[in-house]
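Trainee: I would like to learn how to read an interface between two chains. Could we go through one together?

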Amino acid sequence: MPTPVTQNPARTILEEMEDKVTSPEKAEEAKLKARYPHLGQKPGGSDFLRKRLQKGQKYFDSGDYNMAKAKMKNKQLPTAAPDKTEVTGDHIPTPQDLPQRKPSLVTSKLAG
Amino acid sequence: MNKIQSHSRGEYNVYSTFQSHEPEFDYLKSLEIEEKINKIRWLPQKNAAQFLLSTNDKTIKLWKISERDKRPEGYNLKEEDGRYRDPTTVTTLRVPVFRPMDLMVEASPRRIFANAHTYHINSISINSDYETYLSADDLRINLWHLEITDRSFNIVDIKPANMEELTEVITAAEFHPNSCNTFVYSSSKGTIRLCDMRASALCDRHSKLFEEPEDPSNRSFFSEIISSISDVKFSHSGRYMMTRDYLSVKIWDLNMENRPVETYQVHEYLRSKLCSLYENDCIFDKFECCWNGSDSVVMTGSYNNFFRMFDRNTKRDITLEASRENNKPRTVLKPRKVCASGKRKKDEISVDSLDFNKKILHTAWHPKENIIAVATTNNLYIFQDKVN
C-alpha cells in the first residue's frame, strides 16, 4: 500500500471551517485575481482560445529573409586577386583582370 | 514479471538519426512553420522495412526506414570503389556475391501529406485497416489514405461560423484499435467524443459523449484549464480509453459515458500552486500517457523529471525519477515521494523545491515487454524491469 501523504498537524476548528469555504483551488483563484484584477471572468472564452490557436506562430519578414540569403550568397563569391598587373591595350579586359578599385575617400551613404 | 523468461536484455543504442522536417515559410501569411515534430506514429510492420508517420504543425510525412547489412562484391566491370575497369584487362568472369557489411540504416521519405491543415496539427493516428490515418488540428480532423497525398477528407469540423463563438478546441484524436470506423477526439473542455464514420461523412455529431459531471460549487477560474485533455489513448483491448488532464489520469469504459471508471491523481499537490503554474505557463503543459502491453498498468509524466505508474489491479502507484545524477546505471530505481505540506520526511521532496522546467511530457511502453522509454528535456531514458 502506498504510504499516505503527511497529514497536517492538529488544526483548529476555525481553520477547518475556513477550509470548507475556500478550497485550495479557490484560494489560488483569489491569489490570481489579486495580482491581475483585470483578468477576464471566463478563461475558456473565445479570446483565450484564439490566443491559444495563435500560440507559437512566429512571424517573419520575407524581405529581410531574402536580403539575408542574398548577403550570404555574395560572401561566397570568389574575391578578385589583390595584385593584378595593369592591363591596357593588348586585349579587352575582363572584370577578373581589372585591378581592384581604390576605395573612395568619402564613403557613399548608399553603400550597405 | 514472469521469472521464467530470464533472458538478458541488451542495451539500447541509437539506431538511426535523420532530419524529418525542415523549417518552412508561409509567405502568404508571413509565418514561420517550425520543423519541430509534434507526433510520431509507427505503422504495423509489413515487410523488412519499418514505416512511420511524423508530423510538424502543418505537414505529415511517411518515412521508410530500411537496413542494409550486405552488399554485392566481385563485379566484373567495376572496381570495388565503383570506378569502371578497362574491359581489356578483364580476363576471367566471376559471379558477384553478397558479403556482409557494417549495418547501414537508411531513412527515405515516401509520402508527403501537406496543405490540409489551417491550424496546428496535434495528433495523427493510424487506422486498424492499415490503409488510412487521421490527422487532427485545433478545429478539424482529416482522413487520409496512406497512398494518396493530394487529397484528404474532412471528417470533423468544429470551427464556428463566427470565431467569437469559439468555446473549445480539439486537443487529441485516436482511431479505435480494432474498429476501423470508430475514432475519438478530446477537447479543451475535458470532453471526449466518440464518432462512427459509418453514420455520416462529416462526423460533427458524436455517437457518444464522455464527460464527468462537475460540482458547480467547486468551479474556479482554473477549472476549465486543468480539465483540458492533453492526451487520449485506447487500451490495447479496445474496451477502455485513458485521458490525461493536468492533474489526473482517467480510465473510461466505452460503454459508460457519464463518468470514468478509474481516476488516478498524478500530482494533486499542485492544486494549491495553480496561480504560479498559470503565471509561468506550466498549467498549459501537455502530458502524454500510455498503457502497458496487458493494459494492467498506466504511466504518465510529471515535473522534476518524475514519472508515475498506476497498477489498475493492485491500485498501487509509484513515483520514479529519470535523472543521471540520482540513479546509477543498472541499479534499481528508488521510489520518490513529494511532501505536499507539513513536516517533510527524510528523502521526501517538498513541492516548492520541484523543478518545473524538468518536465516529462512523453513516455512509451514496449508493447510486449516491461521496457519503458521516458523523455526528459534533453535525454531519453530506457528502463527495464529487473530480471532475475
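Mentor: Let's start with strands: S1(A) runs antiparallel to strand S2 (residues 31-33) of chain B, and two bridges join them. Strands pair if DSSP finds at least two bridges between them. Strands (E, at least two residues) and helices (H or I, at least four) are DSSP runs, numbered from the N terminus.

Mentor: A word on the source: this is a predicted model, where local features need pLDDT of at least 70, side-chain atom pairs count only at pLDDT 80 or more, and totals for chains, interfaces and linings use all residues. Residues are numbered from 1 along each chain as its sequence is written, chains are lettered from A and ligands numbered from 1 in the order in which they are written, and side-chain values use heavy atoms, leaving out hydrogens and water.

Trainee: Which residue of S2(B) is the bridge partner of Tyr59(A)?

Mentor: That is Leu31(B).

Trainee: How many salt bridges cross the interface?

Mentor: The rule wants a side-chain nitrogen of Lys or Arg within 4 Å of a carboxyl oxygen of Asp or Glu, and it finds two between chains A and B. One salt bridge joins Arg35(A) and Glu279(B) (2.4 Å, N to O).
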